[in-house]
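Please find below some notes for a colleague on the model that follows.

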Amino acid sequence: MKRSRSYPQNTARSLRRIVLAIVGGATLLVLSCWSGCHFYHNWEGRHLVRRGAAYLGSKDFKNATLSARRALQIDPRNAGAARVLAQVGELSGDAATLEWRRKVVELEPQSTDDALALANAGLRFHDLSTAEKALQRLGDKAQQSAEYHAAAAALASARKNPEQAEAHWARAAELAPQDKSYQLQLASTWLESEREEKRASARRILTELRGDAKVRVAATRTLITDGAARRNDPQNLAEMARELQSYPEATFSDRILYLEILRQLHDPKFKPYLIATEEEASQKPEEIFTLISWMSGNGLSDGALEYVKVLRREIVAKWPVPLALSEAYSRINDWGALERHTQEANWEQFEFLRHAYLARSLRSQGKAVAAEREWSSAQKDASIDPRLLSMLVRTISDWGWQDQTLELLWELAKQPETQTEALQSLYKHYADSMDTAGLYRVLLRLGERQRDNLRIQNNLAQISLLENADVGRARKVAAELYQKEPSNPEFVSTYAFSLYTRGEVEKAIEAMSKLREEQLSEPAIAAYYGILLSAAGDKQKARAYLSRAAGAKLLPEEKALVARAENLVK
(Lines give C-alpha, C1' and ligand atoms only; values in the text may rest on other atoms or scores of the structure.)
Protein backbone atom coordinates (compact mmCIF):
# COMPACT_ATOMS: atom_id res chain seq x y z
CA MET A 1 0.00 0.00 0.00
CA LYS A 2 1.27 3.46 -0.97
CA ARG A 3 2.14 5.85 1.77
CA SER A 4 0.46 9.22 1.43
CA ARG A 5 2.80 12.02 0.67
CA SER A 6 3.01 14.78 3.30
CA TYR A 7 3.93 18.40 2.60
CA PRO A 8 6.70 19.96 4.53
CA GLN A 9 5.52 22.23 7.38
CA ASN A 10 6.94 25.36 5.72
CA THR A 11 5.08 24.62 2.52
CA ALA A 12 1.75 24.24 4.37
CA ARG A 13 2.20 27.56 6.16
CA SER A 14 3.01 29.26 2.87
CA LEU A 15 -0.11 27.85 1.30
CA ARG A 16 -2.27 29.12 4.19
CA ARG A 17 -0.73 32.58 3.83
CA ILE A 18 -1.48 32.58 0.11
CA VAL A 19 -5.09 31.52 0.71
CA LEU A 20 -5.55 34.17 3.42
CA ALA A 21 -4.03 36.82 1.18
CA ILE A 22 -6.37 35.87 -1.65
CA VAL A 23 -9.42 35.92 0.66
CA GLY A 24 -8.29 39.16 2.26
CA GLY A 25 -7.66 40.74 -1.10
CA ALA A 26 -11.05 39.66 -2.36
CA THR A 27 -12.67 41.04 0.79
CA LEU A 28 -10.85 44.33 0.40
CA LEU A 29 -11.85 44.42 -3.24
CA VAL A 30 -15.53 43.82 -2.34
CA LEU A 31 -15.38 46.42 0.45
CA SER A 32 -13.64 48.86 -1.85
CA CYS A 33 -16.25 48.34 -4.55
CA TRP A 34 -19.07 48.66 -2.03
CA SER A 35 -17.53 51.78 -0.52
CA GLY A 36 -16.95 53.26 -3.93
CA CYS A 37 -20.49 52.50 -5.01
CA HIS A 38 -21.87 53.91 -1.76
CA PHE A 39 -19.71 57.00 -2.15
CA TYR A 40 -20.87 57.41 -5.74
CA HIS A 41 -24.54 57.06 -4.78
CA ASN A 42 -24.10 59.65 -2.03
CA TRP A 43 -22.32 61.97 -4.41
CA GLU A 44 -24.96 61.45 -7.10
CA GLY A 45 -27.78 62.11 -4.60
CA ARG A 46 -26.17 65.36 -3.47
CA HIS A 47 -25.51 66.33 -7.08
CA LEU A 48 -29.15 65.68 -8.05
CA VAL A 49 -30.38 67.78 -5.10
CA ARG A 50 -28.08 70.67 -6.11
CA ARG A 51 -29.27 70.38 -9.69
CA GLY A 52 -32.91 70.27 -8.55
CA ALA A 53 -32.35 73.42 -6.49
CA ALA A 54 -30.82 75.12 -9.52
CA TYR A 55 -33.81 74.17 -11.67
CA LEU A 56 -36.06 75.45 -8.91
CA GLY A 57 -34.24 78.78 -8.91
CA SER A 58 -34.99 79.19 -12.62
CA LYS A 59 -38.62 78.07 -12.04
CA ASP A 60 -38.14 74.92 -14.11
CA PHE A 61 -40.47 72.90 -11.89
CA LYS A 62 -40.54 69.84 -14.15
CA ASN A 63 -36.79 69.21 -14.13
CA ALA A 64 -36.51 70.18 -10.45
CA THR A 65 -39.09 67.49 -9.68
CA LEU A 66 -37.36 64.88 -11.87
CA SER A 67 -33.98 65.53 -10.26
CA ALA A 68 -35.38 65.34 -6.72
CA ARG A 69 -37.37 62.17 -7.42
CA ARG A 70 -34.29 60.51 -8.93
CA ALA A 71 -32.36 61.39 -5.77
CA LEU A 72 -35.09 59.78 -3.67
CA GLN A 73 -34.93 56.63 -5.80
CA ILE A 74 -31.24 56.37 -4.90
CA ASP A 75 -31.87 57.18 -1.24
CA PRO A 76 -35.46 57.35 0.06
CA ARG A 77 -34.12 59.15 3.14
CA ASN A 78 -32.63 62.07 1.23
CA ALA A 79 -34.01 65.05 3.15
CA GLY A 80 -32.63 67.54 0.62
CA ALA A 81 -34.60 65.91 -2.21
CA ALA A 82 -37.81 65.92 -0.17
CA ARG A 83 -37.16 69.57 0.63
CA VAL A 84 -36.85 70.43 -3.08
CA LEU A 85 -40.16 68.68 -3.80
CA ALA A 86 -41.79 70.61 -0.96
CA GLN A 87 -40.50 73.88 -2.39
CA VAL A 88 -41.79 72.95 -5.85
CA GLY A 89 -45.20 72.30 -4.31
CA GLU A 90 -45.18 75.64 -2.51
CA LEU A 91 -44.34 77.57 -5.66
CA SER A 92 -46.92 75.72 -7.75
CA GLY A 93 -49.65 75.70 -5.08
CA ASP A 94 -49.71 71.91 -4.69
CA ALA A 95 -51.15 70.62 -1.40
CA ALA A 96 -48.74 67.65 -1.62
CA THR A 97 -46.29 70.15 -0.13
CA LEU A 98 -47.57 69.17 3.30
CA GLU A 99 -46.57 65.54 2.88
CA TRP A 100 -43.09 66.45 1.68
CA ARG A 101 -42.64 68.90 4.57
CA ARG A 102 -43.72 66.18 7.00
CA LYS A 103 -41.17 63.81 5.48
CA VAL A 104 -38.37 66.37 5.84
CA VAL A 105 -39.24 66.91 9.51
CA GLU A 106 -39.35 63.14 10.03
CA LEU A 107 -35.88 62.79 8.49
CA GLU A 108 -34.41 65.82 10.29
CA PRO A 109 -36.46 66.17 13.51
CA GLN A 110 -33.96 68.60 15.08
CA SER A 111 -34.23 71.16 12.28
CA THR A 112 -36.00 74.30 13.46
CA ASP A 113 -36.20 75.74 9.95
CA ASP A 114 -37.93 72.64 8.61
CA ALA A 115 -40.42 72.55 11.48
CA LEU A 116 -41.28 76.20 10.82
CA ALA A 117 -41.58 75.44 7.09
CA LEU A 118 -44.06 72.65 7.93
CA ALA A 119 -46.05 75.04 10.14
CA ASN A 120 -46.19 77.65 7.38
CA ALA A 121 -47.24 75.00 4.85
CA GLY A 122 -50.05 73.94 7.18
CA LEU A 123 -51.18 77.56 7.40
CA ARG A 124 -51.04 78.03 3.65
CA PHE A 125 -53.07 74.92 2.89
CA HIS A 126 -55.53 75.46 5.77
CA ASP A 127 -54.34 72.47 7.82
CA LEU A 128 -54.26 74.33 11.13
CA SER A 129 -53.81 71.15 13.16
CA THR A 130 -50.56 70.36 11.36
CA ALA A 131 -49.35 73.94 11.80
CA GLU A 132 -50.11 73.86 15.51
CA LYS A 133 -48.35 70.51 16.07
CA ALA A 134 -45.29 71.68 14.12
CA LEU A 135 -44.98 74.76 16.34
CA GLN A 136 -45.52 72.75 19.52
CA ARG A 137 -42.59 70.46 18.74
CA LEU A 138 -40.15 73.39 18.76
CA GLY A 139 -38.03 73.91 21.87
CA ASP A 140 -37.73 77.00 24.04
CA LYS A 141 -34.78 78.36 22.07
CA ALA A 142 -36.65 78.14 18.77
CA GLN A 143 -39.67 79.77 20.37
CA GLN A 144 -37.60 82.88 21.00
CA SER A 145 -37.17 83.50 17.28
CA ALA A 146 -39.10 86.07 15.26
CA GLU A 147 -39.95 83.40 12.68
CA TYR A 148 -41.66 81.29 15.34
CA HIS A 149 -43.78 84.21 16.55
CA ALA A 150 -44.70 85.14 12.96
CA ALA A 151 -46.02 81.62 12.34
CA ALA A 152 -47.81 81.60 15.71
CA ALA A 153 -49.39 84.96 14.86
CA ALA A 154 -50.64 83.66 11.53
CA LEU A 155 -52.09 80.60 13.29
CA ALA A 156 -53.84 82.80 15.86
CA SER A 157 -55.32 84.92 13.06
CA ALA A 158 -56.57 81.80 11.28
CA ARG A 159 -58.21 80.68 14.52
CA LYS A 160 -59.90 84.12 14.88
CA ASN A 161 -57.89 85.11 17.95
CA PRO A 162 -56.81 88.72 17.25
CA GLU A 163 -55.42 89.38 20.75
CA GLN A 164 -53.06 86.42 20.52
CA ALA A 165 -52.09 87.34 16.96
CA GLU A 166 -51.28 90.89 18.05
CA ALA A 167 -49.08 89.63 20.90
CA HIS A 168 -47.09 87.36 18.60
CA TRP A 169 -46.61 90.04 15.92
CA ALA A 170 -45.44 92.47 18.60
CA ARG A 171 -42.90 89.92 19.85
CA ALA A 172 -41.70 89.17 16.30
CA ALA A 173 -41.23 92.89 15.62
CA GLU A 174 -39.32 93.23 18.90
CA LEU A 175 -37.01 90.30 18.15
CA ALA A 176 -36.28 91.35 14.55
CA PRO A 177 -36.65 95.16 14.35
CA GLN A 178 -34.76 95.20 11.06
CA ASP A 179 -37.48 93.12 9.37
CA LYS A 180 -40.14 95.70 8.56
CA SER A 181 -42.65 93.06 7.47
CA TYR A 182 -43.35 92.24 11.12
CA GLN A 183 -44.09 95.90 11.87
CA LEU A 184 -46.36 95.90 8.85
CA GLN A 185 -48.31 92.90 10.15
CA LEU A 186 -48.55 94.36 13.65
CA ALA A 187 -49.89 97.64 12.27
CA SER A 188 -52.39 95.75 10.12
CA THR A 189 -53.63 93.97 13.24
CA TRP A 190 -53.97 97.28 15.09
CA LEU A 191 -56.17 98.63 12.30
CA GLU A 192 -58.83 96.11 13.38
CA SER A 193 -58.77 97.35 16.98
CA GLU A 194 -61.78 99.08 18.52
CA ARG A 195 -59.42 101.58 20.17
CA GLU A 196 -58.81 104.70 18.08
CA GLU A 197 -55.34 105.27 19.57
CA LYS A 198 -54.21 101.88 18.26
CA ARG A 199 -55.66 102.56 14.83
CA ALA A 200 -53.91 105.94 14.78
CA SER A 201 -50.61 104.28 15.71
CA ALA A 202 -51.14 101.73 12.95
CA ARG A 203 -51.70 104.44 10.33
CA ARG A 204 -48.59 106.29 11.54
CA ILE A 205 -46.43 103.15 11.27
CA LEU A 206 -47.81 102.28 7.82
CA THR A 207 -47.18 105.82 6.61
CA GLU A 208 -43.56 105.53 7.78
CA LEU A 209 -43.21 102.14 6.11
CA ARG A 210 -44.20 103.68 2.78
CA GLY A 211 -40.67 105.04 2.75
CA ASP A 212 -39.17 101.53 2.81
CA ALA A 213 -38.80 100.04 -0.68
CA LYS A 214 -39.21 96.47 0.63
CA VAL A 215 -42.63 96.98 2.17
CA ARG A 216 -43.96 100.20 0.63
CA VAL A 217 -46.32 98.38 -1.75
CA ALA A 218 -47.94 96.35 1.05
CA ALA A 219 -48.06 99.35 3.39
CA THR A 220 -49.67 101.60 0.79
CA ARG A 221 -52.13 98.91 -0.23
CA THR A 222 -53.13 98.36 3.41
CA LEU A 223 -53.71 102.08 3.97
CA ILE A 224 -55.85 102.33 0.85
CA THR A 225 -57.95 99.29 1.81
CA ASP A 226 -58.48 100.57 5.35
CA GLY A 227 -59.24 104.10 4.09
CA ALA A 228 -61.83 102.81 1.63
CA ALA A 229 -63.51 100.71 4.35
CA ARG A 230 -63.69 103.77 6.64
CA ARG A 231 -64.77 106.12 3.82
CA ASN A 232 -61.75 108.39 4.15
CA ASP A 233 -60.99 111.27 1.79
CA PRO A 234 -61.36 109.71 -1.71
CA GLN A 235 -58.94 112.16 -3.31
CA ASN A 236 -56.25 111.15 -0.83
CA LEU A 237 -56.95 107.48 -1.57
CA ALA A 238 -56.71 108.18 -5.31
CA GLU A 239 -53.35 109.89 -4.83
CA MET A 240 -52.01 106.93 -2.84
CA ALA A 241 -53.34 104.49 -5.45
CA ARG A 242 -51.72 106.53 -8.24
CA GLU A 243 -48.42 106.42 -6.41
CA LEU A 244 -48.83 102.70 -5.65
CA GLN A 245 -49.24 101.63 -9.26
CA SER A 246 -46.17 103.68 -10.22
CA TYR A 247 -43.82 101.57 -8.06
CA PRO A 248 -41.68 99.17 -10.14
CA GLU A 249 -42.54 96.31 -7.80
CA ALA A 250 -46.30 96.97 -8.00
CA THR A 251 -48.54 94.30 -9.52
CA PHE A 252 -51.20 94.51 -12.20
CA SER A 253 -53.78 94.26 -9.41
CA ASP A 254 -52.50 97.59 -8.11
CA ARG A 255 -53.39 99.15 -11.46
CA ILE A 256 -56.87 97.68 -11.09
CA LEU A 257 -57.11 99.20 -7.61
CA TYR A 258 -56.32 102.64 -9.04
CA LEU A 259 -58.81 102.06 -11.84
CA GLU A 260 -61.52 101.18 -9.31
CA ILE A 261 -60.94 104.36 -7.30
CA LEU A 262 -61.08 106.48 -10.46
CA ARG A 263 -64.35 104.78 -11.40
CA GLN A 264 -65.89 105.44 -7.99
CA LEU A 265 -64.84 109.10 -8.17
CA HIS A 266 -66.22 109.48 -11.71
CA ASP A 267 -62.81 110.91 -12.49
CA PRO A 268 -62.32 112.02 -16.12
CA LYS A 269 -59.00 110.12 -16.07
CA PHE A 270 -60.91 106.84 -15.76
CA LYS A 271 -61.61 106.23 -19.46
CA PRO A 272 -58.09 106.95 -20.78
CA TYR A 273 -56.57 104.94 -17.93
CA LEU A 274 -58.88 102.00 -18.71
CA ILE A 275 -57.79 102.09 -22.37
CA ALA A 276 -54.12 102.18 -21.31
CA THR A 277 -54.70 99.24 -18.96
CA GLU A 278 -56.40 97.26 -21.72
CA GLU A 279 -53.41 97.82 -23.99
CA GLU A 280 -50.96 96.80 -21.30
CA ALA A 281 -52.83 93.55 -20.60
CA SER A 282 -53.46 92.57 -24.23
CA GLN A 283 -50.60 90.03 -24.50
CA LYS A 284 -50.84 88.51 -21.01
CA PRO A 285 -53.66 86.00 -20.35
CA GLU A 286 -53.47 86.36 -16.54
CA GLU A 287 -53.81 90.14 -16.76
CA ILE A 288 -56.60 89.89 -19.35
CA PHE A 289 -58.42 87.58 -16.93
CA THR A 290 -57.98 90.03 -14.05
CA LEU A 291 -59.17 92.99 -16.13
CA ILE A 292 -62.21 91.21 -17.63
CA SER A 293 -63.20 89.86 -14.20
CA TRP A 294 -63.03 93.34 -12.71
CA MET A 295 -65.03 94.84 -15.58
CA SER A 296 -67.70 92.12 -15.33
CA GLY A 297 -68.00 92.64 -11.59
CA ASN A 298 -68.57 96.37 -12.05
CA GLY A 299 -71.28 96.41 -14.69
CA LEU A 300 -68.89 96.63 -17.63
CA SER A 301 -69.42 93.16 -19.13
CA ASP A 302 -70.41 94.56 -22.52
CA GLY A 303 -67.22 96.59 -22.62
CA ALA A 304 -65.20 93.53 -21.60
CA LEU A 305 -66.67 91.46 -24.42
CA GLU A 306 -65.96 94.24 -26.93
CA TYR A 307 -62.38 94.42 -25.67
CA VAL A 308 -61.88 90.68 -26.21
CA LYS A 309 -62.94 90.96 -29.85
CA VAL A 310 -59.80 92.94 -30.74
CA LEU A 311 -57.45 90.46 -29.06
CA ARG A 312 -55.67 87.69 -30.93
CA ARG A 313 -57.64 84.44 -30.92
CA GLU A 314 -54.75 82.37 -29.53
CA ILE A 315 -54.43 84.77 -26.56
CA VAL A 316 -58.16 84.61 -25.83
CA ALA A 317 -58.02 80.79 -25.89
CA LYS A 318 -55.33 80.65 -23.19
CA TRP A 319 -56.33 79.90 -19.63
CA PRO A 320 -57.71 81.62 -17.58
CA VAL A 321 -59.28 83.98 -20.17
CA PRO A 322 -62.07 81.47 -21.08
CA LEU A 323 -63.19 81.48 -17.44
CA ALA A 324 -63.43 85.28 -17.35
CA LEU A 325 -65.42 85.27 -20.60
CA SER A 326 -67.84 82.70 -19.19
CA GLU A 327 -68.45 84.93 -16.20
CA ALA A 328 -68.93 87.97 -18.45
CA TYR A 329 -71.62 86.14 -20.50
CA SER A 330 -73.29 85.04 -17.24
CA ARG A 331 -73.38 88.59 -15.90
CA ILE A 332 -75.44 89.78 -18.87
CA ASN A 333 -77.56 86.59 -18.97
CA ASP A 334 -76.45 85.74 -22.51
CA TRP A 335 -76.97 82.03 -22.01
CA GLY A 336 -76.85 81.19 -25.70
CA ALA A 337 -73.42 82.81 -26.05
CA LEU A 338 -72.25 81.03 -22.90
CA GLU A 339 -73.43 77.69 -24.30
CA ARG A 340 -71.56 78.26 -27.58
CA HIS A 341 -68.47 79.41 -25.68
CA THR A 342 -68.33 76.26 -23.52
CA GLN A 343 -69.86 73.63 -25.82
CA GLU A 344 -66.84 72.46 -27.81
CA ALA A 345 -63.97 73.99 -25.83
CA ASN A 346 -61.24 72.20 -23.90
CA TRP A 347 -60.21 73.69 -20.57
CA GLU A 348 -57.77 70.85 -19.84
CA GLN A 349 -57.38 70.42 -16.04
CA PHE A 350 -60.29 72.84 -15.54
CA GLU A 351 -62.77 70.84 -17.59
CA PHE A 352 -64.93 70.51 -14.47
CA LEU A 353 -65.53 74.29 -14.58
CA ARG A 354 -66.37 74.18 -18.28
CA HIS A 355 -68.99 71.49 -17.58
CA ALA A 356 -70.35 73.58 -14.69
CA TYR A 357 -70.72 76.76 -16.78
CA LEU A 358 -72.27 74.75 -19.61
CA ALA A 359 -74.70 73.22 -17.11
CA ARG A 360 -75.62 76.71 -15.95
CA SER A 361 -76.29 77.94 -19.48
CA LEU A 362 -78.42 74.87 -20.28
CA ARG A 363 -80.38 75.10 -17.05
CA SER A 364 -81.08 78.79 -17.66
CA GLN A 365 -82.48 77.89 -21.09
CA GLY A 366 -84.76 75.19 -19.68
CA LYS A 367 -82.70 72.27 -21.01
CA ALA A 368 -82.91 70.30 -17.77
CA VAL A 369 -81.75 66.87 -18.95
CA ALA A 370 -78.66 68.16 -20.74
CA ALA A 371 -77.90 70.47 -17.80
CA GLU A 372 -78.01 67.57 -15.34
CA ARG A 373 -75.67 65.56 -17.57
CA GLU A 374 -73.12 68.37 -17.65
CA TRP A 375 -73.39 68.93 -13.90
CA SER A 376 -72.69 65.23 -13.28
CA SER A 377 -69.58 65.54 -15.46
CA ALA A 378 -68.46 68.59 -13.48
CA GLN A 379 -68.81 66.71 -10.19
CA LYS A 380 -67.00 63.65 -11.52
CA ASP A 381 -64.06 65.63 -12.94
CA ALA A 382 -63.66 67.72 -9.77
CA SER A 383 -63.91 64.79 -7.37
CA ILE A 384 -60.37 63.60 -8.22
CA ASP A 385 -58.83 66.43 -6.19
CA PRO A 386 -60.22 68.26 -3.12
CA ARG A 387 -58.73 71.53 -4.40
CA LEU A 388 -60.75 71.27 -7.61
CA LEU A 389 -63.86 70.40 -5.62
CA SER A 390 -63.28 73.47 -3.42
CA MET A 391 -62.99 75.65 -6.52
CA LEU A 392 -66.26 74.21 -7.85
CA VAL A 393 -67.98 74.91 -4.51
CA ARG A 394 -66.88 78.56 -4.55
CA THR A 395 -68.10 78.94 -8.13
CA ILE A 396 -71.59 77.49 -7.73
CA SER A 397 -72.19 79.08 -4.32
CA ASP A 398 -71.88 82.46 -6.06
CA TRP A 399 -74.64 81.30 -8.43
CA GLY A 400 -76.99 80.49 -5.56
CA TRP A 401 -76.96 76.73 -6.21
CA GLN A 402 -77.57 75.96 -2.56
CA ASP A 403 -78.44 72.24 -2.71
CA GLN A 404 -75.45 71.42 -4.90
CA THR A 405 -73.15 73.54 -2.72
CA LEU A 406 -74.20 71.70 0.43
CA GLU A 407 -73.75 68.34 -1.27
CA LEU A 408 -70.20 69.20 -2.30
CA LEU A 409 -69.33 70.69 1.09
CA TRP A 410 -70.27 67.42 2.76
CA GLU A 411 -68.00 65.63 0.29
CA LEU A 412 -65.16 68.02 1.20
CA ALA A 413 -65.87 67.36 4.88
CA LYS A 414 -64.69 63.78 4.28
CA GLN A 415 -61.24 64.91 3.12
CA PRO A 416 -58.62 65.61 5.85
CA GLU A 417 -57.10 68.62 4.06
CA THR A 418 -60.45 70.36 3.49
CA GLN A 419 -62.51 69.03 6.39
CA THR A 420 -62.19 71.96 8.80
CA GLU A 421 -62.93 74.65 6.22
CA ALA A 422 -65.88 72.69 4.79
CA LEU A 423 -67.41 72.09 8.22
CA GLN A 424 -67.04 75.77 9.11
CA SER A 425 -68.86 76.72 5.90
CA LEU A 426 -71.61 74.20 6.64
CA TYR A 427 -71.92 75.50 10.21
CA LYS A 428 -72.34 79.06 8.97
CA HIS A 429 -75.00 77.98 6.46
CA TYR A 430 -77.07 76.02 8.97
CA ALA A 431 -76.71 78.75 11.60
CA ASP A 432 -77.85 81.42 9.15
CA SER A 433 -80.81 79.29 8.03
CA MET A 434 -81.67 78.29 11.63
CA ASP A 435 -81.46 74.59 10.76
CA THR A 436 -80.99 72.84 14.11
CA ALA A 437 -80.71 69.34 12.64
CA GLY A 438 -78.05 70.53 10.21
CA LEU A 439 -76.13 72.23 13.02
CA TYR A 440 -76.23 69.03 15.06
CA ARG A 441 -74.86 67.02 12.15
CA VAL A 442 -71.98 69.50 11.67
CA LEU A 443 -71.21 69.79 15.38
CA LEU A 444 -70.93 66.02 15.70
CA ARG A 445 -68.12 66.09 13.14
CA LEU A 446 -66.47 69.20 14.58
CA GLY A 447 -66.70 67.77 18.06
CA GLU A 448 -64.86 64.62 16.99
CA ARG A 449 -62.15 66.66 15.26
CA GLN A 450 -61.69 69.37 17.91
CA ARG A 451 -62.17 67.66 21.26
CA ASP A 452 -60.19 70.37 23.04
CA ASN A 453 -62.32 73.20 21.65
CA LEU A 454 -64.57 73.93 24.61
CA ARG A 455 -66.90 76.23 22.71
CA ILE A 456 -67.62 73.58 20.09
CA GLN A 457 -68.19 70.97 22.81
CA ASN A 458 -70.61 73.35 24.57
CA ASN A 459 -72.52 74.07 21.35
CA LEU A 460 -72.78 70.34 20.65
CA ALA A 461 -74.14 69.73 24.14
CA GLN A 462 -76.67 72.54 23.79
CA ILE A 463 -77.91 71.40 20.36
CA SER A 464 -78.05 67.77 21.57
CA LEU A 465 -80.36 68.85 24.42
CA LEU A 466 -82.56 70.83 22.04
CA GLU A 467 -82.72 67.89 19.62
CA ASN A 468 -83.13 65.35 22.45
CA ALA A 469 -80.19 63.42 20.96
CA ASP A 470 -77.56 61.61 23.07
CA VAL A 471 -78.85 63.52 26.08
CA GLY A 472 -76.79 61.60 28.62
CA ARG A 473 -73.51 62.58 27.01
CA ALA A 474 -74.71 66.18 26.56
CA ARG A 475 -75.49 66.51 30.27
CA LYS A 476 -72.10 65.05 31.21
CA VAL A 477 -70.24 67.47 28.91
CA ALA A 478 -72.31 70.44 30.13
CA ALA A 479 -71.44 69.62 33.75
CA GLU A 480 -67.72 69.25 32.95
CA LEU A 481 -67.60 72.57 31.11
CA TYR A 482 -69.43 74.28 33.97
CA GLN A 483 -66.84 72.96 36.41
CA LYS A 484 -64.02 74.25 34.19
CA GLU A 485 -65.46 77.72 33.59
CA PRO A 486 -68.27 78.48 36.08
CA SER A 487 -68.37 82.16 35.09
CA ASN A 488 -68.70 81.59 31.33
CA PRO A 489 -72.32 82.59 30.56
CA GLU A 490 -72.63 80.28 27.55
CA PHE A 491 -71.39 77.26 29.51
CA VAL A 492 -73.53 78.15 32.53
CA SER A 493 -76.71 78.51 30.45
CA THR A 494 -76.10 75.13 28.76
CA TYR A 495 -75.51 73.48 32.14
CA ALA A 496 -78.61 75.11 33.59
CA PHE A 497 -80.66 73.98 30.60
CA SER A 498 -79.38 70.43 31.08
CA LEU A 499 -80.63 70.57 34.69
CA TYR A 500 -83.97 71.97 33.48
CA THR A 501 -84.41 69.06 31.02
CA ARG A 502 -84.37 66.62 33.91
CA GLY A 503 -86.66 68.67 36.11
CA GLU A 504 -84.08 70.28 38.42
CA VAL A 505 -85.33 73.82 37.88
CA GLU A 506 -84.21 75.25 41.24
CA LYS A 507 -80.65 74.01 40.79
CA ALA A 508 -80.67 75.46 37.26
CA ILE A 509 -81.75 78.89 38.53
CA GLU A 510 -79.14 78.72 41.29
CA ALA A 511 -76.37 78.12 38.72
CA MET A 512 -77.48 80.97 36.48
CA SER A 513 -78.08 83.43 39.31
CA LYS A 514 -74.34 83.41 40.01
CA LEU A 515 -73.71 85.24 36.73
CA ARG A 516 -73.33 89.01 36.73
CA GLU A 517 -76.36 91.07 35.78
CA GLU A 518 -74.76 92.30 32.56
CA GLN A 519 -74.15 88.67 31.58
CA LEU A 520 -77.74 87.69 32.37
CA SER A 521 -78.96 90.64 30.30
CA GLU A 522 -77.35 89.39 27.10
CA PRO A 523 -80.35 88.49 24.86
CA ALA A 524 -79.46 84.82 24.32
CA ILE A 525 -78.62 84.25 27.99
CA ALA A 526 -81.71 86.20 29.10
CA ALA A 527 -83.86 83.88 27.01
CA TYR A 528 -82.73 80.82 28.98
CA TYR A 529 -82.94 82.59 32.33
CA GLY A 530 -86.47 83.71 31.50
CA ILE A 531 -87.44 80.13 30.57
CA LEU A 532 -86.15 78.85 33.91
CA LEU A 533 -87.83 81.62 35.93
CA SER A 534 -91.17 81.02 34.23
CA ALA A 535 -90.90 77.28 35.02
CA ALA A 536 -90.29 78.18 38.67
CA GLY A 537 -93.35 80.44 38.71
CA ASP A 538 -91.47 83.73 39.14
CA LYS A 539 -93.64 85.50 36.57
CA GLN A 540 -92.62 89.12 37.11
CA LYS A 541 -88.91 88.47 36.95
CA ALA A 542 -89.36 86.05 34.05
CA ARG A 543 -91.19 88.69 31.98
CA ALA A 544 -88.26 91.11 32.30
CA TYR A 545 -85.76 88.60 30.99
CA LEU A 546 -88.02 87.16 28.30
CA SER A 547 -88.55 90.68 26.93
CA ARG A 548 -84.77 91.01 26.51
CA ALA A 549 -84.72 87.77 24.53
CA ALA A 550 -86.41 89.56 21.63
CA GLY A 551 -82.98 90.68 20.39
CA ALA A 552 -81.52 87.18 20.43
CA LYS A 553 -80.92 85.07 17.33
CA LEU A 554 -82.68 81.89 18.45
CA LEU A 555 -83.16 78.49 16.85
CA PRO A 556 -86.75 77.31 16.21
CA GLU A 557 -86.66 75.00 19.26
CA GLU A 558 -85.44 77.88 21.44
CA LYS A 559 -88.16 80.16 20.09
CA ALA A 560 -90.74 77.51 20.98
CA LEU A 561 -89.38 77.33 24.54
CA VAL A 562 -89.53 81.13 24.87
CA ALA A 563 -93.08 81.22 23.47
CA ARG A 564 -94.22 78.58 25.98
CA ALA A 565 -92.55 80.48 28.81
CA GLU A 566 -94.26 83.71 27.73
CA ASN A 567 -97.63 81.94 27.84
CA LEU A 568 -96.90 80.78 31.39
CA VAL A 569 -96.22 84.32 32.65
CA LYS A 570 -99.16 86.11 31.00
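1. A cavity here is a set of points on a 1 Å grid over the protein atoms alone, where a 1.4 Å probe fits but cannot get out. The model under review is predicted. By this rule, 1 cavity of 30 Å³ or more is counted.

2. The largest cavity holds about 40 Å³ of space. Its lining consists of Y440, L444, L460, S464, D470, R473 and A474. Two or more residues of this lining come from each of the elements α25 (436–449), α26 (454–467) and α27 (471–484). Sorted by class, the lining of the largest cavity comprises 4 nonpolar, 1 polar and 2 charged residues.

3. The backbone has a cis peptide bond from W319 to P320, with omega near 10 degrees. P320 is placed in the loop between α17 (313–316) and α18 (321–331).

4. N333, a residue other than glycine, has a positive phi, near 60 degrees. The loop between α18 and α19 (335–343) contains N333.

5. E348 is not a glycine, yet its phi is positive at about 50 degrees. This residue, E348, sits in the loop between α19 and α20 (351–364). Is E348 buried or exposed? E348 counts as exposed because its relative accessibility is 58%, and the cut-off for exposed is over 50%.

Key: Residues numbered from 1 in each chain as written. Predicted model: local features only at pLDDT ≥ 70, side-chain atom pairs only at ≥ 80, totals over all residues. Heavy atoms only, no water. 1 Å grid on protein atoms, 1.4 Å probe; cavity = no way out; pocket = protein on both sides within 12 Å on 5 of 7 lines; lining within 4 Å. Points joined across faces, edges and corners; volume = space filled by probe spheres on them. Helix = DSSP H or I, 4+ residues; strand = E, 2+ residues; numbered from the N terminus. Nonpolar A, V, L, I, M, F, W, Y, C, P; charged D, E, K, R; others polar. Buried < 20%, exposed > 50% of the residue type's maximum accessible area, 1.4 Å probe, protein only.
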